[in-house]
Amino acid sequence: MASLYISPHPDDFRSLMALVAAEFCPSRPCTLIEDPPASLALCSRPSLVLGSGGGEVLSGAIAVAWYLASQGKMIGSNAKQESQVWQWLSFADNEQIPVLTLLITKLPIVLSDSDDSMQLQQSSHAEMMHVLNVLDKNLESRTFLVGNSLTLADIAVATAALLPFKYALEPSNRRALTNVTRWFLTCVNQSQFVNVLGQISLCEKMVPVTPRPSVAPVPATEAQLKKEAKSREKLEKFQQKKKMEEKKKQEKKLKKDLGVISYDVPTPPGEKKDVLSPLPDSYSPQYVEAAWYSWWEKQGYFKPEYGRKSISEPNPRGVFMMCIPPPNVTGSLHLGHALTNAIQDCLTRWHRMRGETTLWNPGCDHAGIATQVVVEKKLMRERGMSRHDLGRDQFIQEVWKWKNEKGDRIYHQLKKLGSSLDWDRACFTMDPKLSNAVQEAFIRLHEDGVIYRSKRLVNWSLFLSIMLIALFHFFSLYFCLLLLNVSLSDEEVIVATTRIETMLGDSAVAVHPADPRYQHLKGKVVLHPFCDRMMPIVFEFVDINFGTGAVKITPAHDHNDYEVGNRHNLAFINILDENGLLINVPAPFLGMKRFEARKAVLQALKDRGQFKESKDNPMVVPVCSRSKDIVEPLLKPQWYVDCADMGKQAADSVREGRLKIIPDHHHKTWFNWLDNIRDWCISRQLWWGHRIPAYFVTVNDPSVTPGEDMDGHYWVSGRTEEDARDKAAKRFNVSTDKVTLRQDEDVLDTWFSSGIFPFSIFGWPNEDLSVFYPGSLLETGHDILFFWVARMVMMGLKLTGKLPFKEVYLHAVVRDAHGRKMSKSLGNVIDPLDVITGISLEGLYAQLQDSNLDPVEVEKAKQGQQSDYPTGIPECGTDALRFALCAYTSQGRDIDMDVNRILGYRNFCNKLWNAVKFAMRTLGGNFVPSEKAQVRDLSIQCVLTAVSCPWFQAYDFPAITTAIYNFWLYELCDIYLVSLFVCEGGVCVQAVVCRQTLFTGLCLLAPIMPFVGEELYQRLPRRRSQDDHANDVSGGAVQSADPDPVSIPDHPARPSHRGCAVAIASDRCTVHLMLKVRGKFYRLQPHIIRCCD
């Protein structure tokens, strides 16, 4: 037998790792604590001596654990998993152990009251949390570290994390590490861990580690001392490096403090900003962004009617119409919304500058569930009342009151982002015009048979009392796999279950048709343990290896069982009401809560001798994201939309090229969802929303059989109750006085009203849609491709016979700098206004206190903010934020947003500022441009090429931002402006070229950076013939900012050599910049460029 020599210390994680690994061995080694024989020359513990009498020796924790785990097949099922296990062993040895052991060994110092100890406590704790946060992120969607079962990776990392969980991680820390805590408890509750560690008591308050007095300390070997010294040295270097980096950051901040300059000239809202006073010395977002937006609005630049007698008159340049994806009224915008609006506003301004009739229509969604939850919490917090205490009508009044007080915050944010929306057309999905469209859509679809009523299995939140779609997350948990027997006439069948309380609603037992153990049971039935219900044994493709291969079937409370029940015509027995209490069950379980019933059923089975055993079983559990309640499948009568035909039409519109989705790699998602589409449940058990215009009919006539709620024949829809009564009387051939109606209490799914948004905003079905419907483009995130985009296409085709838009551009989803999804509880949801104006860390904390997060989530979010924004967020400005967001769209499906990059584009704005100041100073105050532009300079033509179509039409925003950035920074600032004023002679031509170059560059900037573009453009010298408003660049009133645009040649050929040299192309940029001109690419070479006289 092999001998395993381990350390006597109870918290030696290296020895514990070997001991736990040994528990999985078929033949466990003999465990020894005493000193090994000198003849073995063991240099460290744990050590494993193979064979008796001193055979081959393995020394070191990883070598020993790997050998033992391999015997128990715990090192992965293939080469890839083995490599992953090695990776986690390295993580435990090199990342976890040095940091975590230092914290534990320094606990007596850390817990003292000195200033040095406080600093040590903070730094040590921060390092520990950093390491565990890495682990937490990897465990977000996993039960175990490698594969779907426990491996040596879990053993190594869990034993290394044992000390922090026992001595350092207080409850608040564990709540911040939800995934790690869940995984750790899963591991240490395994029987093999319990055999070695016993029951683990988690830390309640940090205390020093004290070894057991009964165990004498074992002096470390020379090799151990060397290893520990090396680990300490590495850790000290790591801490020193972090201190130096922090010091450099602070020095850099002090060295270059961003200047804040405000605009103090009194300017009434809507009046033009003062552009005659000198420009400030440096760029300041506060100064630049002041006063412009209200002036643009007052001038009517954002309206499609601007400059036209009537929008119904044909415009030879075309029409561009786009509606905003309506944000929820409940809260404020985050950076994901900012990305959407930056892209949409950029496109809108570009189309407006091309002279097209342009409309970007604003709107806001009523957000049924979210708004109701917010107002209910507010009522309970402030008045101690529920919505039921108020009643439906008064509660809806409270919601409207909240909306009128808080709902305008989103519009304020959009204006701060510079969004050029036509605010006179702003709409809210609960407005009368849109509500009428929603009602009309439901009635038409119901009368056509597309909307129907059916009783089906839905996901139900017992806490919210509402049916959920896509409002729950899946969490991996351990549930016991229980084995129990059910009786046949002459034998028993042992079945497996994880939700034992639902067995009260069982109506069958399923086995695999190829399972040899149950072939003789075909056609037989079993007796339910608690009633006289006979349940058939059905042959289904169940997992033979799950439990005993026989599983119970509960069609009314499991989605898979629901399908089995339909296939075999089984009884659907509903045992839960909407509040989670048991119904339709025998005593003593009647009226019990679901989790109380779980214990009672288990005990009753034990008392009857029908319980066999329990085993740990990992499974995925759906949890409501709003209430954190476990979601229950329930049978409920609901309203459904038959999507089969509409889904086919929507899919075919893309296949046939009538609808274009960009980028086209989203086609796979589109076709996969629409080709396999299921009917859409549109009922929601809420009070806030569009109440379903359907009425249940009761006829007071003995000749008419009373109907049931789920029977669609007894439901009619109507625009008013009188309209519905007339329809009911006609259907049942009775007089209206014999008809009694009950309107459905439910409201429609929010996505239903959003699905008709592209035409409901124009007054459908009562008003003419010909001018702006169909729209030109829908721009949104790819994460709502099937939630919203597909449904708009289906509803548009069904109700109007037309596609709602011609193109769909899907941008990436914004994540934080670490690649994590934006989440309030993580503290990484950033208000765009905080990036624009800047905010301190304390200000971020204050926002969390005012949110709806519970205290645990607030603390977790604070830790995230402290990590990501230790000094707050600096003022970046709107233009820098918009430019960064557009530049980021090259990253693919996700955008890892880093605030530091936005700050870099703020510095770019300062470069623009200084370039224009330099040029204006050189031009002089008396310079007046000629009446007609005569510019043949190649660099200007390059800019005009960039702005003149291909990249905007292809939605290639990274190419646009790169061209702008490179031209301004490397061409114009570094070379062009300077070279213009060192030439001899031709001063007038130089000045014209300078003015025209700046003018064109600012036109190119205007769609993406409207504020700084407008501010600098308004400072340029104007032609005498120009009036004050004809060419306001960011307002975008005309085709381009110049009435005499310069023509673009077929290719950038060199002009003839006459006149003076005026520019030198930069080899830092132009030689690497590919310009696309009329479908062909050209690479510009550095050379002398000459200007005509």
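**Sheets, helices and cores**

Start at β19: this strand and β27 (residues 805-811) pair in the parallel sense, over three bridges. Keep in mind that this is a predicted model. Within that pair, Ile661 stands opposite Val808 in β27. Now widen the view. The open sheet here has three strands, ordered β19-β27-β26, and the pairing is parallel. Which strands stand at the edges? They are β19 (660-662) and β26 (775-781). Each has a single partner strand, so one side of each is left without a neighbour in the sheet. On average, neighbouring strands are turned by 15° against each other, direction ignored. Then look at helix α27, residues 785-800. This helix lies across β26 and β27 and runs at about 165° to β26.

Next, another open sheet. Take β3, residues 47-49: the strand pairs with β4 in the antiparallel sense, over three bridges. Val49 stands opposite Val57 in β4.

One more strand pair. β5 covers residues 319-323, and four of its five residues are buried. Five bridges join β5 to β6 (residues 357-361), and the two run parallel. Met321 stands opposite Leu359 in β6.

On to helices. In α18, residues 409-416, the buried residues are Ile410, Tyr411, Gln413 and Leu414. Why do we say they line one face? Seen down the axis of α18, they fall within an arc of 160°, so they line one face of the helix. After α18 comes Gly418, with a positive phi near 80°.

A helix pair now. α13 (residues 292-299) and α37 (residues 1010-1017) pack at an angle of about 80°, with axes 11 Å apart. That makes α13 roughly perpendicular to α37. From α13, the contact is made by Trp292, Tyr293, Trp295 and Trp296. From α37, the partners are Pro1010, Phe1011, Glu1014 and Glu1015.

Now the cores. The largest nonpolar core has 110 residues. Which members touch the most others? Phe908, Phe957, Ile964, Trp968, Leu998 and Met1009. Leaving out residues up to four places away in sequence, Phe957 touches Ile343, Cys346, Leu347, Tyr809, Cys886 and Thr889. A second, separate core has 72 residues, among them Leu445, Ile692, Phe732 and Phe752.

Last stop, a glycine. Gly549 sits in the loop between β15 (534-539) and β16 (550-553). Is Gly549 buried or exposed? Relative accessibility is 0%, so Gly549 counts as buried. Beyond neighbours within four places in sequence, Gly549's contacts include Ala510, His512, Tyr518 and Ile544. Arg517 is another contact of Gly549. Those two are 32 residues apart along the chain, and their C-alpha atoms are separated by 8.8 Å.

Conventions:
Residues numbered from 1 in each chain as written. Predicted model: local features only at pLDDT ≥ 70, side-chain atom pairs only at ≥ 80, totals over all residues. Heavy atoms only, no water. Buried < 20%, exposed > 50% of the residue type's maximum accessible area, 1.4 Å probe, protein only. Pairing = 2+ DSSP bridges. Contact = heavy atoms within 4.5 Å. Arc of directions from axis to C-beta. Core = buried A, V, L, I, M, F, W, Y, C linked by side-chain atoms within 4.5 Å. Axes fitted to C-alpha atoms, helices over the stretch in contact; angles between N-to-C directions. Parallel < 35°, antiparallel > 145°, perpendicular 65-115°, else oblique.
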